[in-house]
Amino acid sequence: MTSKLERIRHSFGKSFRDLLHVRQGKLNGVVDVVVCPESEQEIIDLLELAERFQIELIPFGGGSNIAGCLSARSDRNRPIISLDMCRLNRVLSVDVQSQSATVQTGVYGPDLEQQFEPYGVTLGHFPDSFRHSTLGGWVATRSAGMQSDKYGKIEDMVLAMRVVTPRGVIVTRPVPRASNGVDINRLCIGSEGSLGVISEVTLQVHRQPAKTLWLGYLFHNFESGVAAIQCVAADGIAPVVTRLNDAEKTALSFAFKAPEAGMKKIVSKGFKLSLQHIKRMDLDHCCLAINKFEGSRKQIRCQRRAVDRVYRQHGGVCLGRGPGESFERGKFDFPYLRDWLLDRRVFADVSETATLWSNVLPLYRLCQVSLQDAITATGCRGWVGCHVSHTYHCGASLYFTFAWHDNSSRVEENYDTIKHAIQDAFMAGGATLSHHHAVGTEHRPWLAQDISPTGVLAVEGLKATLDPHGIMNPGKLIR
């Protein structure tokens, strides 16, 4: 495809900078052509041609990445091809007995689950970008879905893969585990298209759950909520979804609540009064947690009782199904809000990280201050919120959302000030540069601090071996 629209669409992801540049008409570095291979052999042939004629290739899934992984802004003055995997979108086989499946990587999330449905299985991977992202994109960026507390992250799901590199095809075997030296799967997962094209993946899948239950809980403050979900993780009883909002994110969540009327409004008002006067909740500081339980009716009942017991010990109050079901209905809608806000010159972005439990609250406070100070330094009015998005036995992910109203001509410069403040805080606070949004171009400046200069040398060595002419998605991960 060579139409201007398709070339532009394939040259930008959904990062803040991507959206801003498209709106401003800054279309530098647009790809020259879009190619949609229909087989792995066509990918092999394309890579051979690209090496021969020094053409850069950028693998393209759904275009939803927010870290600059699709940036075509190269300084090498070489032709650039976007390699769209959309035609390689089939589930090739499902081994119901082994609970595994082999799938082509151009399949979008909803289509993948639809193809799994006749077999009664699910991958269990539901990132915010689920509707508009592909399996290949998930693997290439080491994605995490909101149900990861049960199903794991994408790297936990991959059993085997086929990766077409300029030096040949990497093929691993579909086994649950192997002690065969360096884990080749893990080297390719998260490679962001810089080593080759992930064409096929064998995944572990799970039986569709019989029942699901979404519930909301309210805690007195963020500190008590963090203590509660840490205990749940340590006890091994974490629900499928554990999402804890701080006070600012809680207020935002309730602001999206549909207005009530009649008896429902009266009951809601009475419950609110009981929270304030009986449970002694300060509704300006309380924090909302969303949990999802699934399994048989008995499994859900037993797990819910265990979680309820821990939450009550930390002052948590169950709000029933309403908040959880409201979250479920709109869980894939949040990315659309950025465009609505941009129309009103409200600029928003996110940064997320992971750290150990002992560092969750100190890091949270450091990042809050860093973001607020940075927004103040721009002279703009802003807002900062955070939620815990994923939990582990030893730590958790903190997901920060920030926004500011900006009528100046320095929007991109102000964004850089704010973005650098939060990423610098992650590094100063002993956390990682990203939990699941990848490196791309946006987070590359912090990579050496995160994995050490010697770690970067290791990545550079791998790149030099598999892609000696630098044709695969150059400028991502490393220069």
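Which residues in helix 9 meet V307, V310 and Y311 in helix 12? In this predicted model, the helix 9 side of the meeting is made by A228, I229, C231 and V232. Let's start there and then work through some charged pairs.

Two packed helices are described by the angle between their axes and the distance between the axes. Here, helix 9 covers residues 222-234 and helix 12 covers residues 297-313. As for handedness, helix 9 and helix 12 cross in a right-handed way.

Now for the charges. Side chains of opposite charge can pair when their charged atoms come close. The structure holds 18 salt bridges, and a few are worth a visit.

Take D343 and R23, whose closest N and O atoms are 3.0 Å apart in a salt bridge. This pair links distant parts of the chain, 320 residues apart: D343 sits in the loop between helix 14 (337-342) and strand 15 (346-356), while R23 belongs to helix 2 (residues 16-24). How open are the two partners? D343 is exposed, because its relative accessible area is 53% and the cut-off for exposed is over 50%. R23, with 43%, is partly exposed.

Next come R87 and E38, which form a salt bridge at 3.3 Å, N to O. R87 is in the loop between strand 3 (80-84) and strand 4 (91-95), and E38 is in the loop between strand 1 (33-35) and helix 3 (40-53), so their pairing ties together parts that lie 49 residues apart in sequence. R87 counts as partly exposed, at 48% relative accessibility.

Then there's E294 with K150, a salt bridge whose closest N and O atoms are 2.9 Å apart. Again the pair links distant parts of the chain, with E294 in strand 13 (residues 287-295) and K150 in helix 6 (residues 148-151), 144 residues apart. Is E294 buried or exposed? Its relative accessible area is 7%, so E294 is buried, since buried means under 20%. K150 is partly exposed, at 43%.

Charged residues can also join up in a group: R17, K26, E412, D416 and E442 are linked in a network of salt bridges.

Finally, have a look at a nonpolar spot on the surface. V182, I184 and L187 make a nonpolar surface patch of about 240 Å². V182 lies in the loop between strand 8 (168-171) and helix 8 (184-188). With a relative accessible area of 58%, V182 is exposed.

Key
Residues numbered from 1 in each chain as written. Predicted model: local features only at pLDDT ≥ 70, side-chain atom pairs only at ≥ 80, totals over all residues. Heavy atoms only, no water. Patch = residues over 30% accessible without salt bridge, like charges linked within 9 Å, V, L, I, M, F, W, Y side chains within 5 Å. Areas by Shrake-Rupley, 256 points an atom, 1.4 Å probe, with all protein chains shown as cover. Salt bridge = Lys/Arg side-chain N within 4 Å of Asp/Glu carboxyl O. Helix = DSSP H or I, 4+ residues; strand = E, 2+ residues; numbered from the N terminus. Buried < 20%, exposed > 50% of the residue type's maximum accessible area, 1.4 Å probe, protein only. Axes fitted to C-alpha atoms, helices over the stretch in contact; angles between N-to-C directions. Left-handed = near helix turned anticlockwise from the far one by under 90°. Contact = heavy atoms within 4.5 Å.
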